[in-house]
Amino acid sequence: MDLSLWLAFVAASNALLLIPGPTILLILSYALTQGRKVAIASASGVALGDLIAMTASLIGLGAVIATSATAFVILKWVGALYLFYIGIKMFRSAPSEGAGLVKTDRQATPRQVFRHAAIVTALNPKSIGFFIAFVPQFISVDAAYGPQAGILIATFVTLAALNAFAFALLAELMRTQIARPKVMRRLTQAGGITLIGMGAATAAL
């Protein structure tokens with residue numbers, strides 16, 4: 001896989017992982033109620049969930065590539081438009097009150113936290129569709145698909161686990177900031193702008 005393409009994927013993935021979606025809100029909720037003891041469990045659950053969702057997405061993507069190169073190009077354009085659309089939608093729907101944290105069981109064991117994080121991440125209805133839209137922008141049709149898919153899956157899952165672990169560890173330090181409505185609103189708006197930029201950049205290539 002081309003190094004510059006991989007580095008672009010790493011940069012884009014890191015930006016996307018900072019967007020406060022359902023997974024991040026769940027991790028923050030557990031961390032704020034149970035402290036750092038759930039960090040490893042939540043990060044591991046997120047990694048498993050992303051592995052399941054991304055693998056399922058890329059299997060479907062591989063089937064498209066095997067069927068038609070033209071279909072793959074069309075999929076990339078559809079993906080760019082989808083990223084642009086959800087970016088606008090995310091920017092406009094930024095919460096004006098609170099962080100949107102979810103209610104969690106204060107007595108949940110690490111195993112329960114792991115299972116909950118994995119299920120929320122893997123079964124998020126937007127996950128598979130998002131990966132199908134996002135990943136093709138970093139796939140080269142001039143190279144074998146399998147190795148590229150394997151590298152991208154391993155990279156994203158590793159980054160997702162590290163990101164989840166960092167959020168879980170920093171939750172206590174961020175407690176006062178998270179409680180401020182402006183913080184989550186600005187983060188969500190930044191995430192929306194990131195997605196819009198990715199869609200526009202893809203369309204310009």
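1. A residue is called buried here when its relative accessible area is under 20%. In this predicted model, serine 42 has a relative accessibility of 1% and therefore counts as buried. Serine 42 is placed in helix α3, which spans residues 39-67, and, once its neighbours within four places in sequence are left aside, serine 42 is in contact with Ile27, Val113, Ala117 and Ala168.

2. Leucine 32 belongs to helix α2, residues 22-34, and its C-alpha is 6.1 Å from that of alanine 171, although 139 residues separate leucine 32 and alanine 171 in sequence.

3. As to the chain as a whole, the assignment gives 9 helices and 0 strands, so that the order of elements from the N terminus on reads α-α-α-α-α-α-α-α-α. Of the contacts in the chain between residues at least 6 apart in sequence, 90% join residues that are at least 24 apart.

4. On burial and surface, 44% of the 205 residues in the chain are buried. The accessible surface of the chain comes to about 10,500 Å², and carbon and sulfur atoms account for 69% of that surface.

5. The largest nonpolar core contains 48 residues, and the residues with the most contacts inside this core are Met54, Leu58, Phe134, Val135 and Phe156. At least two residues of this core are supplied by each of α1 (3-17), α2, α3, α4 (69-92), α5 (110-122), α6 (127-134) and α7, while the largest share, 11 residues, comes from α7. As background, nonpolar side chains in soluble globular proteins tend to be buried together.

6. Methionine 54, one of the residues with the most contacts inside that core, may be worth a separate look. Leaving aside its neighbours within four places in sequence, methionine 54 is in contact with Phe9, Phe131, Val135, Leu152, Ile153 and Phe156, and of these partners Val135 and Phe156 are likewise listed among the residues with the most contacts inside the core.

7. A remark on confidence is in order. The mean pLDDT of the chain is 75, with 76% of its residues reaching 70 or more. Among the elements of the chain, helix α7 (residues 145-170) has the highest mean pLDDT, 86, whereas helix α8 (residues 175-178) has the lowest, 60. Where pLDDT is low, the predicted coordinates should not be read in detail.

Terms used
Residues numbered from 1 in each chain as written. Predicted model: local features only at pLDDT ≥ 70, side-chain atom pairs only at ≥ 80, totals over all residues. Heavy atoms only, no water. Helix = DSSP H or I, 4+ residues; strand = E, 2+ residues; numbered from the N terminus. Buried < 20%, exposed > 50% of the residue type's maximum accessible area, 1.4 Å probe, protein only. Contact = heavy atoms within 4.5 Å. pLDDT = per-residue confidence, 0-100. Areas by Shrake-Rupley, 256 points an atom, 1.4 Å probe, with all protein chains shown as cover. Core = buried A, V, L, I, M, F, W, Y, C linked by side-chain atoms within 4.5 Å.
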